[in-house]
Amino acid sequence: MMPELGKYAAEVMSAYAASLFLLIAMVLLSVRSARKARAELAAAEARKNG
Amino acid sequence: MGSIWEYANPVKFSRTATLLLPWVSILAAISLVTGLVWGFFFTPEDFRQGSTVKIIYLHVPSALMAINVWFMMLVTSLIWLIRRHHVSVLAAKAAAPVGVIMTLIALATGAIWGQPMWGTWWVWDPRLTAFLILFLFYLGYIALWEAIDNPDTAADLTSVLCIVGSVFALLSRYAVNFWNQGLHQGASVMRAGAVTGADTQEKVSNIFFYPLLLCIIGFVLLFVALVFLRTRTEIHKRRTKALLARERLG
């Protein structure tokens with residue numbers, strides 16, 4: 001299944017690994033930050049409403 | 001259909017973002033995974049570049065996004081400066097870290113691709129240099145937001161920085177045409193003549209172009225999804241800050 005990358009295999013694989021790592025990290029950090037902000041807002045609104 | 005300015009209302013924007021976010025995310029994931037799998041596993045080697053041509057599916061979409069995210073930030077910053085809509089400038093703030101990552105991917109994949117093809121990781125070519133400066137502008141933009149406590153002052157100053165940085169975003173795209181020198185080639189994908197076949201200059205073959213187009217669509221949709229999510233997060237943070245300030249006063 002793996003394509004034959006020849007003498008440039010290291011370059012191609014490292015480009016994919018670095019890019020996918022950065023993209024996945026950005027998505028995960030954004031989701032985590034969104035959940036945290038929503039939870040903090042919910043707590044503040046709960047205190048406000050008594 | 002309502003006016004676009006309705007979305008300047010944070011509640012309306014959050015509600016719409018929440019509604020659209022799952023659909024945009026699913027479409028982004030489908031486009032990206034299909035484009036990357038198609039490009040990586042099912043396209044041949046290039047007769048000159050060998051298997052390094054597979055880097056195109058990451059390098060071109062990320063470079064396009066790096067430039068266009070800055071232009072999106074420019075438009076939303078101008079809306080802030082002219083109409084003082086908070087959601088607009090929060091969208092620019094939310095987009096900046098995505099732009100940094102896109103620029104970093106473009107620079108990293110460009111260096112990795114350049115080493116075997118040009119014999120060097122980096123060269124002070126006009127396009128590469130403009131891209132590096134754009135990357136530094138992104139970092140400066142984020143640092144400026146963090147450095148200023150008053151949100152309106154931060155929004156004003158970062159908006160001005162965004163206008164100045166647009167020069168380098170423009171140069172990143174057109175430096176090859178302006179100076180006509182350097183190692184980096186001119187546009188071979190997003191050029192009117194290349195798309196319509198009207199000119200005879202070198203262009204990307206269709207066998208690479210179709211999966212590349214899918215990757216570009218995937219990167220655009222991923223950006224839209226992240227901006228919806230991150231802008232909504234910024235709105236939540238502002239609301240929490242306001243409630244906490246009210247609590248302290250009360």
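Reader: How are the residues numbered?
Author: Residue numbers start from 1 along each chain as its sequence is written, and chains are lettered from A in the order in which they are written. The model is predicted, and local features need pLDDT of at least 70.

Reader: What span should helix α3 of chain B have, and what is the distance between its end C-alpha atoms?
Author: At 1.5 Å a residue, the 33 residues of α3(B), residues 86–118, should span 48 Å, and the end C-alpha atoms are 46 Å apart, which agrees. The expected span is 1.5 Å times one less than the number of residues.

Reader: Where does α3(B) bend?
Author: At B:Ala96, by about 30 degrees, with a proline, B:Pro97, following within four residues. The bend is the angle between axes fitted to the seven residues ending there and the seven starting there.

Reader: Why is α3(B) called largely enclosed?
Author: Because 24 of its 33 residues are buried (20 or more other C-beta atoms within 10 Å of the residue's own).

Reader: Changing topic, how do α2(B) and α3(B) pack?
Author: Helix α2(B), residues 56–83, packs on α3(B) at about 155 degrees, with the axes 7 Å apart. That makes α2(B) roughly antiparallel to α3(B) (angles over 145 degrees).

Reader: Which residue classes are in that contact of α2(B) with α3(B)?
Author: The contact has 20 nonpolar, nine polar and no charged residues. Ala, Val, Leu, Ile, Met, Phe, Trp, Tyr, Cys and Pro count as nonpolar, Asp, Glu, Lys and Arg as charged, and the others, Gly among them, as polar.

Definitions and conventions: Predicted model: local features only at pLDDT ≥ 70, side-chain atom pairs only at ≥ 80, totals over all residues. Helix = DSSP H or I, 4+ residues; strand = E, 2+ residues; numbered from the N terminus. Buried ≥ 20, exposed ≤ 12 C-beta atoms within 10 Å, placed from the backbone. Axes fitted to C-alpha atoms, helices over the stretch in contact; angles between N-to-C directions. Parallel < 35°, antiparallel > 145°, perpendicular 65-115°, else oblique.
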